[in-house]
Amino acid sequence: MDESDGDKLRTFLFKHKARRKGVASIGFVYLTAIILFLILNQPLFASRLGGFSGTASRFTADPIAAGTGGITLFHSTSTNSYTQNPSSLSLGSDRRFDAGMVRLSLDRFIYTMSSSFPLPPTAHLAIGLIAAGTNNIQARDSRGYYAGELNDTEMSYLVSFSNRFSEKLSFGLALKYLAKEMISEEDWFDLKGTGFGAGIGMSFSPVEGSTFALALKDWNSSYTWKTQEQNLYEQGSNYQDQFPMSISWGWLQDLPSFTLAFEHDYYFIGENIFRTAIMWNGIKNLHVNAGLSYEDDTFFSGASARYRFGLKQRYPMHLDLGLRSGVSGEGLRNYIGWGLTF
């Protein structure tokens with residue numbers, strides 16, 4: 001190759017690099033505009049699913065998912081993906097610990113904690129906890145007089161297992177023990193419900209950079225309430241509260257500076273939820289997400305970001321922040337999370 005050829009090659013590489021920077025800059029501007037648009041457009045109504053048990057398992061519980069429209073079928077769209085699509089564990093290779101929280105209006109809260117690690121040669125295991133509830137609920141007697149305060153707590157203890165059968169295909173199983181309690185601060189009321197649930201998932205990568213996911217969620221999940229001790233019925237009774245089961249599918253597509261994701265969640269009670277997200281990774285150690293969900297003729301929007309850092313290269317950490325719109329009058333839900341890879 002002579003000198004003129006070398007000059008042409010250097011010119012081409014310079015233009016190509018500039019073009020890539022230009023595309024990344026334009027993409028960041030578009031992503032910022034989308035985030036602002038989504039946050040400013042607040043929903044008007046709530047989902048019909050709100051009247052069913054198991055809200056904690058359906059609620060967007062972690063900061064990353066807050067910015068992906070609530071997409072939980074993929075490893076990169078939610079730190080709690082192991083609970084909804086256990087096969088997503090196979091997309092990671094390190095041992096991880098994640099924790100997060102969101103404080104909501106009306107004294108509501110959600111806390112999450114999980115840890116995942118590989119089981120060589122091709123399996124993965126994750127354990128976790130999701131705690132949700134409401135504090136300071138005012139109780140009233142049959143005459144309408146104030147009778148004290150109640151606290152409602154919903155706990156989900158989770159174990160997920162996945163195995164990669166090839167470089168493109170993995171399957172997973174999720175099991176959970178469910179416990180819910182409504183208790184008064186003065187110990188005059190204590191009602192408990194417990195149950196078990198399960199889910200299965202599959203992840204398939206037909207080509208490099210593309211992932212298709214399919215999951216069956218909340219199979220046989222329910223609470224069984226024992227009311228004999230509280231005398232809520234004349235002779236006491238056991239009452240079972242079923243969770244709505246759903247089947248979900250989704251697609252994730254990696255691009256040079258972006259990742260696009262889509263998810264459709266169909267509940268067997270006739271409810272559909274559609275979710276879509278765009279994730280930008282144009283800056284080293286910083287990922288920014290914007291997402292949208294459509295349920296019950298309502299749009300819910302959100303944005304999130306993850307910043308990677310570490311005091312030592314051996315133990316990289318990340319900080320997650322998320323925002324998501326709530327129902328009319330609620331305002332924005334604020335999420336925060338922290339994680340460690342070890």
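Predicted model: local features only at pLDDT ≥ 70, side-chain atom pairs only at ≥ 80, totals over all residues.
Over residues 1-30 the pLDDT stays under 50, and I found seven contacts beyond four places in sequence for them in the model. I then looked up residues 38-46, where pLDDT is below 50 as well. That stretch has 28 contacts in the model beyond near neighbours in sequence.

Next I checked the elements for confidence. Helix 1, residues 3-40, has the lowest mean pLDDT among them, at 46. Strand 7, residues 210-219, has the highest, at 96. For the protein as a whole I noted a mean pLDDT of 82, with 80% of the residues reaching 70 or more.

I turned to the overall make-up. I noted four helices and 16 strands in the protein. Of its 342 residues, 46% are buried. I looked up the accessible surface, which comes to about 18,400 Å², and 61% of this belongs to carbon and sulfur atoms. Among contacts with a separation of 6 or more, 53% are between residues 24 or more positions apart.

I located S116 in strand 2, which covers residues 108-119. Is S116 buried or exposed? Its relative accessible area is 18%, and the cut-off for buried is under 20%, so S116 counts as buried. I then listed its contacts, leaving aside neighbours within four places in sequence. S116 touches L89, D94, R95 and R96, and also L125 and A126.

Definitions and conventions. Residues numbered from 1 in each chain as written. Heavy atoms only, no water. Helix = DSSP H or I, 4+ residues; strand = E, 2+ residues; numbered from the N terminus. Buried < 20%, exposed > 50% of the residue type's maximum accessible area, 1.4 Å probe, protein only. Contact = heavy atoms within 4.5 Å. Areas by Shrake-Rupley, 256 points an atom, 1.4 Å probe, with all protein chains shown as cover. pLDDT = per-residue confidence, 0-100.
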